[in-house]
Protein chains: 2
Amino acid sequence: MQRSIGGTGTLACAFTILIGGGCASTQHDPLPSWNDGPSKSAITGFVQRVTTEDTPDFVPPAERIAVFDNDGTLWSEQPAYFQLLFAIDRVKALAPQHPDWHTTEPFRAALEGDLHAVAESGEEGLLELVMATHAGMTTDQFREIVRAWITTSRHPTTGRPYTEMVFQPMLELLDYLRANRFKTYIVSGGGIELMRVFAEDVYGVPPEQVIGSSLKTEFEVRSTGPVIKRLPEINFIDDKASKPVAINQHIGRRPIAAFGNSDGDFQMLEWATTGGGARFGLIVHHDDAEREYAYDRSSPIGKLDRGLDEGPTRGWTIVSMKRDWNTVYPAAENRSR
Amino acid sequence: MQRSIGGTGTLACAFTILIGGGCASTQHDPLPSWNDGPSKSAITGFVQRVTTEDTPDFVPPAERIAVFDNDGTLWSEQPAYFQLLFAIDRVKALAPQHPDWHTTEPFRAALEGDLHAVAESGEEGLLELVMATHAGMTTDQFREIVRAWITTSRHPTTGRPYTEMVFQPMLELLDYLRANRFKTYIVSGGGIELMRVFAEDVYGVPPEQVIGSSLKTEFEVRSTGPVIKRLPEINFIDDKASKPVAINQHIGRRPIAAFGNSDGDFQMLEWATTGGGARFGLIVHHDDAEREYAYDRSSPIGKLDRGLDEGPTRGWTIVSMKRDWNTVYPAAENRSR
């Protein structure tokens, strides 16, 4: 349906141009999954301002940097970060080689799929899970493991592949920004190497534009050739005040637009939106228990508290998933995207 | 002169196309500062192989990643790394606030321009110089300091601005690769923030494609707004076996071509050239004492020993500056490039 409307619009537009007129009003909607309203207008208004030449807010294409959080912003993050679900699946796959895991926390909890007990193992327990499942192999091997997992595993509640638990309105937003010559980056607390496996296919974001948390790695020359080994040691946690640090390290430019969903994204939005000229900050508020999940101030995952209070006064757009999005997940027929 | 030859070639090419023929042989030379010979043929041969569709060596544009060392590869590095000369200039500028520096090494040596004594202060001394001159300010402030220095300072021997001590043949090579849809990166032991100040203007390499050594930084919210502070602590030294690590961290793809000049680039070339498919490694050999400098196996700066021995057997192209380049530095008239 959207496609035929777009087609008609384009035809009308071509005709209008032929007779010497403009055609903005007849162009197809680049954000069809967004309901008309203040959120959608804020997005399109910002993009028009920074792309209109010879105006004070114009930004040259090279400086149109937009940064996106991943968990909870581009895809769901409940009932647990998908990367934790990956770690648990890996524990199950590796368990035959580790008989002691059946009686050792947090591995026992992971093997029994007890998310609550896993969470109770705290930061130390989570770190143990990550090291046991994310380190000790080469980067090439790890990519193959992630690739196999992401193509075969399913979300525990919806039964969908994880790559179909991405938000259709955000996919449209990424495309819309790129069509307006923005460079789109992911800046996430998730693992940089895990996201890079699917970010290009699913989000259109190439590996070099994915920034995330990482383990230390080491170059090693083996008889079969050189490899990069993943070591059981944290290199960087890309969250909160570390997000602007990572942005500066990887991009070296201050973004003009930032998109997040939790207080872990606060400083990234603060950094992006306090520069000079036109700036844009947006927070996805998960208030849709029916189609996705509803959580904010008291959630251990994706806690959004300060952002809800301060966001509006800072001029950030707070997106209500329930009110602003007419679609949440892509239709299954788009699976081959 | 080159321009008029190029113009004639283009005209002839257009005419040939009009009458239905091809025009590869009449196209202008994209590498006019390179003398005809095996080095130049190796470069153009590789580029033709990976860009010719429907052949086994074809590489899609997204995977055409080329990495370049900076010091000694894209610009000169004698009589000392230019970043060390920057540090010494900064010590001189800051000396009035540090009366003790006149009697404390390595600052005394720096103030007296005694490069030999500075070098003798060893790694610890150099680190002290770097911390005193590169840390303790915001990233914005540091960029302004570098910008002011690079536009006003001159090389001690040639009297040229440092940005005119770049190698014309390498500028052409960068352009040539980009014209063939390569993405060009700098991967250097030099400071990432220092190089980013001039890399886009001088090399056409945007900040997000510059990788280098770095200090730790910290996000801080001040009453005037947020800043990123540069701390007096090393974050990453981008040299030797750390270069492939940095490439993996920043780019997340294995380059298909690598360009260096010293054994500090060995592992980067090794990593790039041992992947599958067509690969390219190139080492600039400084053998031109008349037009630039001549040094290799025993030089404390840009030592090239293992690369000279193993490079040829690994299929790497060893460029003789003296024999392969008809021009070293850009003509002064090109200053506004």
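I began with how helices and strands are assigned: helices (H or I, at least four residues) and strands (E, at least two) are DSSP runs, numbered from the N terminus. With that in hand I placed D54(B), which sits in the loop between α2 and β1 of chain B.

Before going on I noted the ground rules. This is a predicted model, in which local features need pLDDT of at least 70 and side-chain atom pairs count only at pLDDT 80 or more, while totals for chains, interfaces and linings use all residues. Residues are numbered from 1 along each chain as its sequence is written, chains are lettered from A and ligands numbered from 1 in the order in which they are written, and side-chain values use heavy atoms, with hydrogens and water left out.

I looked up phi for D54(B) and found a value near 60°, which is positive in a residue other than glycine. D54(B) has a relative accessible area of 80% and is therefore exposed, where exposed means over 50% relative accessible area, buried under 20%, and partly exposed in between (1.4 Å probe, protein chains only). R181(A), also not a glycine, has a positive phi of about 65°, and I found R181(A) in the loop between α8 (168-179) and β2 (183-191) of chain A. Its relative accessible area is 56%, so R181(A) counts as exposed.

**Cis peptide bonds**

I then turned to two prolines. The bond from E105(A) to P106(A) is cis, with omega near 0°, and P106(A) belongs to the loop between α3 (82-94) and α4 (107-111) of chain A. In chain B, Q78(B) and P79(B) are joined by a cis peptide bond with omega about 5°, and P79(B) is in the loop between β1 (65-68) and α3 (82-94).

**L31(B)**

I picked L31(B) in the loop between α1 (2-18) and α2 (38-51) of chain B. Its relative accessibility is 0%, so L31(B) counts as buried. Setting aside neighbours within four places in sequence, I found L31(B) in contact with K40(B), I43(B), T44(B), E172(B), L173(B) and Y176(B), contact meaning heavy atoms within 4.5 Å. From L31(B) to M137(B), 106 residues apart in sequence, the C-alpha to C-alpha distance is 41 Å.

**Chain A as a whole**

For chain A I recorded 13 helices and seven strands. The radius of gyration is 21 Å, close to the 20 Å that the globule rule gives for 337 residues, so chain A is as compact as a globular protein of that length; the radius is taken over C-alpha atoms, and the rule is 2.2 Å times the number of residues to the power 0.38. The C-alpha trace spans about 75 × 45 × 40 Å along its principal axes. Of the 337 residues, 53% count as buried. Among contacts with a separation of 6 or more, 64% join residues 24 or more positions apart.
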